[in-house]
Amino acid sequence: MKVILGSDHAGIAGRKEAVRLLRERGWEVQELGPEGDSEKADYPDIAHQIAQSVTSSESEMGVLVCGTGQGMAMTANRYRGARAAVITDPFTAEMSRAHNDANIACFGERVVGAETIRQLLAKFLATPFEAGRHMARVDKIDQVIGEA
């Protein structure tokens with residue numbers, strides 16, 4: 001599976017933990033974002049790239065990390081077919097996949113920390129979409145389409 005990850009300067013450690021987890025599992029990883037705290041990056045620029053990659057089927061999943069996860073999710077969700085979820089605990093990790101078919105996991109490193117991001121991402125990736133009664137609801141997400 002191919003996963004694209006990105007962070008701004010507030011999410012470097014969380015992004016690195018996520019990359020380690022994915023590589024340990026043998027997944028193909030593309031990583032975007034600054035390498036050091038002194039290198040600044042605007043979260044919308046990173047989120048646009050990740051959302052474009054996921055919605056064009058270039059990547060199967062996306063992971064975004066910033067201070068809160070909120071700005072990344074807001075940006076990514078501007079794209080038709082992007083279902084970016086802010087993950088804060090095991091329940092949101094599981095339900096965003098099982099019921100909402102989330103394809104982009106967003107994390108706030110300043111909210112949950114880098115090690116917790118690793119744990120929550122593992123739960124997110126291990127949870128399949130249940131489809132069934134949830135499919136019609138997921139289809140409704142794309143019914144109203146705005147310009148990104």
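Two strands are taken to pair if DSSP finds at least two bridges between them, and strands (E, at least two residues) and helices (H or I, at least four) are DSSP runs numbered from the N terminus. The structure is a predicted model, in which local features need pLDDT of at least 70 and side-chain atom pairs count only at pLDDT 80 or more, while totals for chains, interfaces and linings use all residues. Residues are numbered from 1 along each chain as its sequence is written, and side-chain values use heavy atoms, with hydrogens and water left out.

Strand 3 (residues 61-66) pairs in the parallel sense with strand 1 (residues 2-7) over five bridges, and Val 63 of strand 3 is the bridge partner of Leu 5. Strand 3 also pairs in the parallel sense with strand 5 (residues 104-108), again over five bridges, with Ile 104 of strand 5 as the bridge partner of Gly 62. Six of the six residues of strand 3 are buried, where buried means under 20% relative accessible area with a 1.4 Å probe, protein chains only. In a regular strand the side chains alternate between the two faces of the sheet. In strand 3, Met 61, Val 63 and Val 65 point one way, whereas Gly 62, Leu 64 and Cys 66 point the other way.

A nonpolar core is a set of buried Ala, Val, Leu, Ile, Met, Phe, Trp, Tyr and Cys residues joined through side-chain atoms within 4.5 Å. The largest such core has 23 residues, and those with the most contacts inside it include Leu 5, Val 63, Phe 107 and Leu 121. Strand 1, helix 1 (12-24), strand 3, strand 5 and helix 6 (114-126) each give two or more residues to this core, and the largest share, six residues, comes from helix 6. Apart from it lies another core, of 17 residues, among them Cys 66 and Ile 104. Leaving aside neighbours within four places in sequence, Leu 121 is in contact (heavy atoms within 4.5 Å) with Ala 18, Leu 21, Leu 22, Val 63, Ala 105 and Phe 107.

The axes of helix 1 and helix 6, which are lines fitted to C-alpha atoms over the stretch in contact, with angles running from 0 to 180 degrees between N-to-C directions, come within 8 Å and cross at roughly 45°. Helix 1 is therefore oblique to helix 6, since angles under 35 degrees count as roughly parallel, over 145 as roughly antiparallel, 65 to 115 as roughly perpendicular and the rest as oblique. Helix 4 (residues 90-98) packs against helix 6 at an angle of about 25°, with the axes 8 Å apart, so that these two helices are roughly parallel to each other.

Definitions and conventions
Buried < 20%, exposed > 50% of the residue type's maximum accessible area, 1.4 Å probe, protein only.
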